[in-house]
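Please look over the sequence and the structure shown here before reading on.

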Amino acid sequence: MAPPFVLPLAQCTDPSLVGGKAAGLARLLAAGFPVPDGCCVTTSAYGHFMQGIGLVPSERWHRALRRSGDDRKQELQHCLDMIRRVELATLVAEVWEALPRMAGTEERRWALRSSATNEDMERASAAGLYRTVLGAEQARLADAITDIWASAWDGRVLDYMLASGNADGAPAMAIVIQPLLNVAVAGVARQVP
């Protein structure tokens, strides 16, 4: 059976399928912390849609690694352009089905956050490298997803991965989708060994 394209946040236990951020949120949910419910567009969806547009991430990543300067920028820009043209109507319909049914869902705005396979690692956080889209309406979900997928091909990502010694493979991108909330307090927790 093929891995799912969309998972409820509480089921995001495999970091290779959902990335570090989604897996961390699932652990917090399992421990009883008050985490807003949501869903995750998996790395399986990313891989499927990249294949559909003829972009093989591992090949393009290594091609970009072998280039420098303007040649590298052009290679990465070509990947960005391809991703921004992907058609996501079927994926957005699946996401919409998976989002928690709450009062006012139709009018609700959403927070979409990257959850790449190279984020929140012990030796490389990738903090601030990838896109986050806040306040997306239902009609904007496809654009928000492609924006976040495309952010994996920003030159800063490749440079960071080279500097941290983790550039061997292209990151796969998952996306956490949760309701946008007006909050009084938020925080970050780190597990201490």
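The sections below describe the chain as a whole and then selected parts of it.

## Basis of the model

The model is predicted, so that local features need pLDDT of at least 70 and side-chain atom pairs count only at pLDDT 80 or more, while totals for chains, interfaces and linings use all residues. Residues are numbered from 1 along each chain as its sequence is written, and side-chain values use heavy atoms, with hydrogens and water left out.

## Overall architecture

The protein chain holds 7 helices and 5 strands. Here helices (H or I, at least four residues) and strands (E, at least two) are DSSP runs, numbered from the N terminus. Read from the N terminus, the order of elements is β-α-β-α-α-α-α-β-β-α-α-β.

Of the 193 residues in the protein chain, 44% are buried. Buried means under 20% relative accessible area, exposed means over 50%, and partly exposed lies in between (1.4 Å probe, protein chains only). A contact requires heavy atoms within 4.5 Å. Among contacts between residues at least 6 apart in sequence, 77% join residues at least 24 apart.

## Helix α1

Helix α1 covers residues 15–30 and spans only 15 Å between its end C-alpha atoms, whereas a straight helix of 16 residues would span 22 Å at 1.5 Å a residue. The expected span is 1.5 Å times one less than the number of residues. A kink of about 75 degrees in α1 is centred on Lys-21; the bend at a residue is the angle between axes fitted to the seven residues ending there and the seven starting there.

The buried residues of α1 include Leu-17, Val-18, Lys-21 and Leu-25. Among the elements that cover the buried residues of α1 are β1, β2, α2, β3 and β5. Just after α1, Gly-32 adopts a positive phi of about 90 degrees.

## Helix α5

In helix α5 (residues 89–98), the buried residues are Leu-91, Val-92, Val-95 and Trp-96. These residues lie on the same side of α5, because they cover an arc of only 140 degrees around the axis. The arc is that of the directions from the helix axis to the C-beta atoms. On the other side of α5, Thr-90 and Glu-97 are exposed.

The buried residues of α5 pack against β1 (6–8), β2 (39–41), α2 (43–52), β3 (110–116), α6 (141–150) and β5 (173–179).

## Aromatic pairs

The whole structure contains 5 aromatic pairs. Rings of Phe, Tyr and Trp (its six-membered ring) pair if their centres lie within 6.5 Å; planes under 30 degrees apart count as stacked, over 60 as edge-to-face and the rest as tilted. The pair of Phe-5 and Phe-49 is tilted, because the ring centres are 6.1 Å apart and the planes stand at 55 degrees. This pair links distant parts of the chain, with Phe-5 in the segment before β1 and Phe-49 in helix α2, 44 residues apart. Phe-5 is partly exposed at a relative accessible area of 21%, and Phe-49 is buried at 9%. One aromatic cluster is formed by Phe-5, Tyr-46, Phe-49 and Trp-149.

How are the rings of Trp-61 and Trp-153 arranged, and what is the angle between the planes? The two rings form an edge-to-face pair, at 6.0 Å centre to centre and 75 degrees between the planes. Trp-61 lies in helix α3 (residues 57–65) and Trp-153 in the loop between α6 and α7 (155–163), 92 residues apart. Trp-61 is buried at 1% relative accessibility, and Trp-153 is likewise buried at 1%.

## Cysteines

The structure has 0 disulfides; a disulfide is a pair of cysteine sulfur atoms within 2.5 Å. The sulfur of Cys-12 has its closest cysteine sulfur in Cys-40, 4.3 Å away, which is too far for a bond. Cys-12 is buried with a relative accessible area of 0%, and Cys-40 is buried with a relative accessible area of 0%.

## Two further residues

Gly-135 is located in strand β4 (residues 132–136) and is buried, with a relative accessible area of 17%. Gly-135 and Arg-108 are 27 residues apart in sequence and 8.5 Å apart in space, C-alpha to C-alpha. Not counting residues up to four places away in sequence, Gly-135 touches Arg-109, Trp-110 and Leu-180.

Ser-58 is located in helix α3 and is partly exposed, with a relative accessible area of 41%. Ser-58 and Gly-169 are 111 residues apart in sequence, and their C-alpha atoms are 6.3 Å apart in space.
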